[in-house]
Amino acid sequence: MTSQAADRPEPVGVTRRSKITPEREQEFYDAVLEQLRECGYDSVTMEGIAASTRCSKSTLYRQWKTKPQLVAAALRSHRRTRCIDTGSLADDLREAARAAGELSGRDTKLLQALVHAAPQDPELQRALREALVEPEIAALKEIIRRGVERGEVPADHPALEYVPAQMFGVLRIRPVLEGKYADPDYLVRFVEAAVLPALGLT
C-alpha cells in the first residue's frame, strides 16, 4: 500500500475500529480546540491536526471521517459541569459569574471560530450548544431553582427568565464592544450592578 493510499479517507460503509487510547484521543481533541482558537475553523485541517499530533491522516479519517465530525467530537469532549451551591442565590450568581469569567477567553474564542461554520452543519451546531451553551444554562437554572425554593425570589418574578440571557449576553458581547474579554472581575461587577437589582437582591 502506498502512502497516498494510507492517507486516503475510507469509504463511508467501512466500519470504524478505534485502536487509540482515551489519552491519545484527548490529544487529538486538544489539538483541534487549540487550532480553532488560534486560527479559526476554516484554517483547521485534518492534515494540520495529523501533523501537530504526529499521526497519519488515515488514523483521523478512520475514527471521524470528516473535519466537522472531528471538531464536533472535540467540542463534546470540552463539555463541563459545574456545581455551585453557596446557600445564597446572590452568592451563587457571583460565583457563576466568576467561574464564567475565568474561562471567557478560551470559550469566546471557540464561539468566534465557529460562528460562521456551525449554522451550516447541524452536527457541529449541536456539539457547540452541548459543549458551551447548554451546561451553563442548566447550571444557572439550577441556581435559580434553589433560590426560588429557599424563598429568596418569587417563582413568578419576571426577571428570572432573562438571567441566562444577561449572563451570556455580556460574556459574548464585551469583546465586540470593548475589545476585551469579560474577565471574572467584570462579570461579578455586572452581576452586582445589573442582575441582582433586577431580581430584587442586594
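A residue counts as buried when its relative accessible area is under 20%, as exposed when that area is over 50%, and as partly exposed in between. The structure described here is a predicted model. At 12% relative accessibility, R146 therefore falls in the buried class. The side chains of E142 and R146 meet at 3.5 Å, N to O. Both residues belong to helix 7, where four residues, or about one turn of the helix, separate them. Through shared partners, salt bridges join D85, D92, E142, R145, R146, E149, R150 and E152 into one network.

E142 also forms a salt bridge with R145, and here the closest N and O atoms are 2.5 Å apart. R145 lies three residues from E142 in helix 7, again about one turn of the helix. With a relative accessible area of 37%, R145 is partly exposed.

Side chains of opposite charge can pair when their charged atoms come close. Across the whole structure, the search finds 19 salt bridges. One of them is formed by the side chains of E38 and K109, at 3.8 Å from N to O. This pair links distant parts of the chain, since E38 is in helix 2 and K109 is in helix 6, 71 residues apart. E38 has a relative accessible area of 51% and so counts as exposed, while K109, at 29%, is partly exposed.

Aromatic residues were examined next. Two aromatic pairs are found in the whole structure. In the pair F28 and W64, the ring centres are 5.8 Å apart and the planes stand at 85°, so the arrangement is edge-to-face. F28 is in helix 2 (residues 22–39) and W64 is in helix 4 (residues 57–64), so the pair links distant parts of the chain, 36 residues apart. F28 and W64 are both buried. Together with Y29, these two residues form one aromatic cluster.

Charged groups are also placed over aromatic rings. The charged end of K67 sits over the ring of Y41, at 4.0 Å from the ring centre. For R174, the charged end sits over the ring of Y186, 3.7 Å from its centre.

K67 is also one of the buried residues of helix 5 (residues 67–77), along with L70, V71, A72, A73, A74 and L75. The buried residues of this helix pack against helix 2, helix 3 (46–53), helix 4, helix 6 (89–114) and helix 7 (122–149).

Terms used. Residues numbered from 1 in each chain as written. Predicted model: local features only at pLDDT ≥ 70, side-chain atom pairs only at ≥ 80, totals over all residues. Heavy atoms only, no water. Phe/Tyr/Trp six-rings, centres within 6.5 Å; stacked < 30°, edge-to-face > 60°. Helix = DSSP H or I, 4+ residues; strand = E, 2+ residues; numbered from the N terminus. Buried < 20%, exposed > 50% of the residue type's maximum accessible area, 1.4 Å probe, protein only. Lys NZ or Arg CZ within 6 Å of the ring centre and 35° of its normal. Contact = heavy atoms within 4.5 Å. Salt bridge = Lys/Arg side-chain N within 4 Å of Asp/Glu carboxyl O.
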